[in-house]
Amino acid sequence: MTIALSISDVHVTLGHNHVLKGVSLDVRPGEFVTLLGASGSGKSTLLNVVAGLQAVDSGQLTFDGVDVGGRPPQKRNVGVVFQSYALFPHMTVGENVAFPLLAARRPAKERRAVAAEMLALVRLPGMADRVPATLSGGQRQRVALARALAAHPGILLLDEPMAALDKQLREQMQVELTRIQRKVGITTVSVTHDQTEALTMSDRVAIMRDGALVQVDSPEDLYRHPVDAYVAGFLGEANLLPTSGGRILDDPLGEDADGTAVLRPEDLELVPADEACPAWHVEGTIQLLSFQGTRFRLELLTDAGRKVVCSLPTSVDASSLVVGTRARVVCRDPERVHVIAAPPARPVPVAV
Ligand SMILES: Nc1ncnc2c1ncn2[C@@H]1O[C@H](COP(=O)(O)OP(=O)(O)OP(=O)(O)O)[C@@H](O)[C@H]1O
């Protein structure tokens with residue numbers, strides 16, 4: 001299998017912090033991989049290592065099989081887009097886009113042609129003579145992307161490129177960026193805090209925690225088969241319940257538990273109290289029922305003090321779902337129940 005980017009056992013220490021602890025990741029040509037993790041997990045540091053902006057203590061980095069560890073950023077053939085856009089205010093949009101070619105001493109005619117081509121790609125044709133101050137945030141972000149792509153880099157790096165945009169614009173830009181990335185077919189590594197962004201745009205998502213990669217998988221595999229409770233809770237909402245011998249064991253200490261069932265709220269449905277107990281069921285007292293337009297959100301508190309969240313269709317008869325009364329929910333499709341081998345944490349007492 002060809003590998004466009006290979007990161008192998010990279011360690012980075014900053015001050016007294018061991019920020020990257022042996023990170024390894026292979027990215028295929030044309031693949032879009034997103035680094036997703038909590039603040040401080042090391043995402044930007046890893047991106048900076050690839051860009052050549054951060055030296056490593058040890059480890060190896062190759063682009064298309066060639067070791068680039070010793071190369072400065074300008075010799076790595078990467079395009080980078082930062083959250084802050086970092087456009088040059090005194091230059092026109094066209095000059096900004098063509099800047100990598102100016103730095104490479106390409107002739108003016110070629111620079112103008114590439115700027116026009118890239119601005120057409122990001123759907124800003126005819127904007128070459130404007131200055132950045134006259135553009136909206138979303139337009140500036142497109143210019144930054146056009147500039148990153150102008151020198152036809154081998155790898156595109158995106159560091160929270162949409163964090164400064166409002167929600168609606170961010171969603172538009174996610175679609176737009178995916179379109180451009182697919183069209184250009186460029187290998188891309190992106191960093192984000194935003195789960196939806198990671199799930200929508202990526203071929204694979206790499207979950208980072210405390211300087212290490214916990215799981216790297218397709219968005220669907222991460223959602224359906226998280227390796228541990230951290231990943232399960234990080235991507236979307238998950239009910240984590242102790243299991244014993246293939247059923248839920250709602251015991252406060254979980255001492256006899258042999259694993260954790262990950263049950264997604266949308267996979268649970270109500271089950272009548274008189275129905276024989278299906279395997280993956282759980283019972284509790286209703287804490288909340290809220291109408292959310294297309295779904296009801298139902299929250300139960302189990303006898304052991306665990307919160308269970310269910311997302312129910314609005315076709316359910318909600319009249320019986322009264323706060324303080326009992327309800328039973330089940331996941332009828334065993335394929336939808338993912339069991340992690342380790343038992344969950346003990347429940348934190350919830351004020352009722
Ligand atoms: N110059 C430095 N000296 C010491 N520690 C540093 C330095 N720069 C970063 N760190 C630490 O390295 C860790 C990783 O930082 P990094 O910016 O890579 O995380 P991140 O996952 O990108 O976070 P965020 O999402 O907040 O940008 C953090 O704990 C940070 O405090």
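Q: What joins strand 11 (residues 239-244) to strand 12, and what makes them a pair?
A: 2 bridges join the strands, which run antiparallel. Two strands pair if DSSP finds at least two bridges between them, so strands 11 and 12 qualify. In strand 12, Ile248 is the bridge partner of Thr243. Strands here are DSSP runs (E, at least two residues), as helices are (H or I, at least four), both numbered from the N terminus. This is a predicted model: local features need pLDDT of at least 70, side-chain atom pairs count only at pLDDT 80 or more, and totals for chains, interfaces and linings use all residues. Residues are numbered from 1 along each chain as its sequence is written.

Q: Why are strand 12 and strand 19 called edge strands?
A: The open sheet has 4 strands in the order 12-11-13-19, with antiparallel pairing. Strand 12 (247-248) and strand 19 (338-340) each pair on one side only.

Q: How many helices and strands does the protein have, and how much of it is buried?
A: There are 9 helices and 19 strands. Buried residues make up 37% of the 352 residues. A residue is buried if 20 or more other C-beta atoms, placed from the backbone, lie within 10 Å of its own, exposed if 12 or fewer, and partly exposed in between. The C-alpha atoms fill a box of roughly 80 × 45 × 35 Å along the principal axes.

Q: What makes helix 1 (residues 43-51) mostly covered?
A: Of its 9 residues, 7 are buried. They are Lys43, Ser44, Thr45, Leu46, Leu47, Val49 and Val50. Gly52 follows helix 1 and has a positive phi, near 90°.

Q: Why is Asp64 called partly exposed?
A: Asp64 has 15 C-beta neighbours inside 10 Å, which lies between the limits for exposed and buried, so it counts as partly exposed. Asp64 sits in the loop between strand 4 (58-63) and strand 5 (66-67). Its phi is near 50°, a positive value in a residue other than glycine.

Q: Why does Arg123 count as partly exposed?
A: Arg123 has 13 other C-beta atoms within 10 Å, so it too falls in between. Its loop runs between helix 4 and helix 5. Phi of Arg123 is positive, near 60°, and the residue is not glycine.

Q: Where do strand 16 (residues 295-301) and strand 17 pair, and how many bridges join them?
A: 7 bridges join the strands, which run antiparallel. Glu299 stands opposite Val309 in strand 17. The two strands form a hairpin with 5 residues between them, and Gly305 in the turn has a positive phi of about 90°.

Q: Which residues lie on the covered face of strand 17 (residues 307-313), and which on the uncovered one?
A: Val308, Cys310 and Leu312 are on the covered face. Lys307, Val309, Ser311 and Pro313 are on the uncovered face. In a regular strand the side chains alternate between the two faces of the sheet.
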